[in-house]
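Hi there,

Here is the structure I promised to pass on to you. Please have it open while you read, and my notes follow below.

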Amino acid sequence: MTGAGDGHHRGRTGPRGRLRIADRVYSGIAEQAVREALADEWARRSATGAPPKASVLVVGGSARVTLHLDLPYPADLARLSGLARDTAAARVAELTGTPVGSVAVLVERLVPAGLA
């Protein structure tokens with residue numbers, strides 16, 4: 001027989017706690033994902049851009065991500081932007097369990113090859 005205080009809570013159903021993930025955690029996940037996704041592209045160049053920055057707003061249980069990126073130039077900018085967008089969305093959803101409703105990619109600067 002189980003009694004109060006024995007650590008068992010069989011049959012108890014009630015409200016459960018809530019977990020709130022800080023916006024900076026979402027941002028950090030997105031930034032790290034983009035750094036990893038674009039690492040090979042930057043590794044082939046002598047010049048590198050600023051690290052990616054992300055801001056995330058969670059509204060109604062869905063995340064809205066905004067990425068601020070420096071991208072290498074010349075390069076396939078559409079492909080790199082899409083890679084950053086898709087990778088950030090997938091990683092945020094995977095690690096937080098929060099669906100990503102939208103990702104905006106803002107290219108802040110194009111970094112020409114050979115720029116020091």
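Which elements do the buried residues of α2 pack against? They pack against α1 (23–43), β2 (62–73) and β3 (100–112). Helices here are DSSP runs of H or I with at least four residues, strands are runs of E with at least two, and both are numbered from the N terminus. Buried means under 20% relative accessible area, exposed means over 50%, and partly exposed lies in between, using a 1.4 Å probe and protein chains only.

Before going further, please note that this is a predicted model, in which local features need pLDDT of at least 70 and side-chain atom pairs count only at pLDDT 80 or more, while totals for chains, interfaces and linings use all residues. Residues are numbered from 1 along each chain as its sequence is written, and side-chain values use heavy atoms, with hydrogens and water left out.

**The overall layout**

The chain has two helices and three strands, which run α-β-β-α-β from the N terminus on. Of its 116 residues, 30% are buried. Contact means heavy atoms within 4.5 Å. Among contacts with a separation of 6 or more, 71% are between residues 24 or more positions apart.

**The strands**

Two strands count as paired if DSSP finds at least two bridges between them. β1 and β2 are antiparallel, with seven bridges, and A54 has L67 in β2 as its bridge partner. Two residues sit between these strands in their hairpin, where G60 has a positive phi near 60°. β2 and β3, by contrast in direction, pair in the parallel sense over 11 bridges; here H68 is partnered by L106 in β3.

**Helix α2 and what follows**

Helix α2 covers residues 77–96, and its 20 residues reach 28 Å from the first C-alpha to the last, close to the 28 Å expected at 1.5 Å a residue. That expected span is 1.5 Å times one less than the number of residues. Its buried residues include L80, A84, A88 and V92. After α2 comes G97, with a positive phi near 80°.

T98 is in the loop between α2 and β3. Is T98 buried or exposed? T98 is buried, because its relative accessible area is 10%. Its side chain makes a polar contact of 2.8 Å with that of Y26. A polar contact is a pair of N or O atoms within 3.5 Å; within protein, one must be able to donate a hydrogen and the other to accept it, and residues adjacent in sequence count only if both atoms are side-chain atoms. Leaving out residues up to four places away in sequence, T98 also touches V58, G61 and V92, among others.

**The core**

A nonpolar core is a set of buried Ala, Val, Leu, Ile, Met, Phe, Trp, Tyr and Cys residues joined through side-chain atoms within 4.5 Å. The largest one has 21 residues, and A30, V34, L38, V65, L67 and L69 touch the most other members. At least two residues come from each of α1, β1 (53–59), β2, α2 and β3, with α1 giving the most, at six. Beyond its neighbours within four places in sequence, V34 is in contact with P52, L67, L69, A84 and A88.

L57 lies in strand β1 and is partly exposed, because its relative accessible area is 45%. Not counting residues up to four places away in sequence, L57 touches S62, A63 and R64.

Enjoy exploring!
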